[in-house]
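Subject: Structure for your review

Dear colleague,

My findings follow it, grouped by region.

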Amino acid sequence: MSESAASPPSSAPQPRRASARALAAGVRWAEFEIERVLCETATSIVYLATDHALEVQVAVKEYMPLQLAWRDTAGLVHPAEGRPTDAWEAGLRAFIGEARLLARADHPALVRVTRLWEAQGTACCAMPYV
């Protein structure tokens with residue numbers, strides 16, 4: 001499920017990130033453009049993004065565990081050195097599994113995942129922004 005690499009627009013100024021591990025506004029993943037960080041947790045970052053294909057705002061959740069990963073200057077996510085990579089891989093599999101469950105769920109109390117992809121060394125999912 002590979003997508004094109006995240007890349008900042010060439011002519012737009014680069015706004016500051018919410019944290020060193022978050023992507024900056026303007027970064028694009030395929031049809032999704034990051035607007036800002038909505039929240040950061042120990043295991044992920046949730047962004048407000050624009051889906052340019054559908055012309056709607058969405059929430060994009062990125063697997064980015066605080067203690068197990070770091071992001072380089074090109075935006076690639078790497079497992080942290082000195083940490084067991086099996087913990088990183090297990091977390092990534094769990095993130096993907098949860099996204100697939102939410103994509104199949106049909107309950108008003110759950111937000112449905114509408115897209116799942118892997119890029120930049122991590123996984124992301126898109127959901128309606130509510």
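Thr-41 is partly exposed, as its relative accessible area is 35%. This residue sits in the loop between E2 and E3. Its C-alpha atom is 8.7 Å from that of Met-64, although 23 residues separate Thr-41 and Met-64 in sequence. Please note that the model is a predicted one.

Overall architecture

The protein contains one helix and eight strands. Read from the N terminus, the order of elements is β-β-β-β-β-β-α-β-β. Of its 130 residues, 40% count as buried. Among contacts with a separation of 6 or more, 37% are between residues 24 or more positions apart.

Six of the strands make up an open sheet, ordered E1-E2-E3-E4-E8-E7, with antiparallel pairing. Its edges are strand E1 (28–29) and E7, each of which pairs on one side only.

Strand E3 covers residues 44–51, and eight of its eight residues are buried. In a regular strand, side chains alternate between the two faces of the sheet. Here both faces are covered: Ser-44, Val-46, Leu-48 and Thr-50 are buried on one side, and Ile-45, Tyr-47, Ala-49 and Asp-51 are buried on the other.

With strand E2 (residues 32–40), E3 forms an antiparallel pair over seven bridges. The two are joined by a hairpin through three residues. Within this pairing, Tyr-47 of E3 has Val-37 opposite.

With strand E4 (residues 56–63), E3 again pairs in the antiparallel sense, over eight bridges. Ile-45 has Glu-62 of E4 as its bridge partner, and Ser-44 stands opposite Tyr-63 of E4. The hairpin of E3 and E4 has four residues between the strands, and Glu-55 in that hairpin adopts a positive phi near 60°.

Helix H1

Helix H1 runs over residues 85–104. Its 20 residues should span 28 Å at 1.5 Å a residue, and the end C-alpha atoms lie 29 Å apart, which agrees. The buried residues in H1 include Trp-88, Leu-92, Phe-95, Ile-96 and Ala-99. These residues cover an arc of only 90° around the axis, so they lie on the same side of H1. An α-helix has 3.6 residues a turn, so residues three or four places apart point the same way.

The buried residues of H1 pack against E4, strand E5 (69–71), strand E6 (77–79), strand E7 (115–119) and strand E8 (122–128). On the face turned away from the buried side, H1 carries the exposed residues Asp-86, Arg-93, Leu-101 and Arg-104. For one of these, Arg-93, the relative accessibility is 57%, and the residue therefore counts as exposed. Arg-93 is 30 residues from Ala-123 in sequence, and their C-alpha atoms are 9.3 Å apart in space.

Thr-122 and its surroundings

Thr-122 belongs to strand E8. With a relative accessible area of 1%, Thr-122 is buried, because the cut-off for burial is under 20%. A polar atom of its side chain lies 2.4 Å from the backbone oxygen of Tyr-63. Leaving aside neighbours within four places in sequence, the contacts of Thr-122 are Glu-62, Tyr-63, Val-77, Trp-88, Leu-92 and Trp-117. Trp-88 and Leu-92, in turn, are among the buried residues of H1.

The nonpolar core

Which residues have the most contacts inside the largest nonpolar core? They are Trp-29, Ile-34, Tyr-47, Val-60, Trp-88, Trp-117 and Cys-125, in a core of 33 residues. The elements giving two or more residues to this core are E2, E3, E4, H1, E7 and E8.

Yours sincerely

Note on methods:
Residues are numbered from 1 along each chain as its sequence is written. This is a predicted model: local features need pLDDT of at least 70, side-chain atom pairs count only at pLDDT 80 or more; totals for chains, interfaces and linings use all residues. Side-chain values use heavy atoms; hydrogens and water are left out. Buried means under 20% relative accessible area, exposed over 50%, partly exposed in between (1.4 Å probe, protein chains only). Two strands pair if DSSP finds at least two bridges between them. The expected span of a helix is 1.5 Å times one less than its number of residues. The arc is that of the directions from the helix axis to the C-beta atoms. Contact means heavy atoms within 4.5 Å. A polar contact is a pair of N or O atoms within 3.5 Å; within protein, one must be able to donate a hydrogen and the other to accept it, and residues adjacent in sequence count only if both atoms are side-chain atoms. A nonpolar core is a set of buried Ala, Val, Leu, Ile, Met, Phe, Trp, Tyr and Cys residues joined through side-chain atoms within 4.5 Å.
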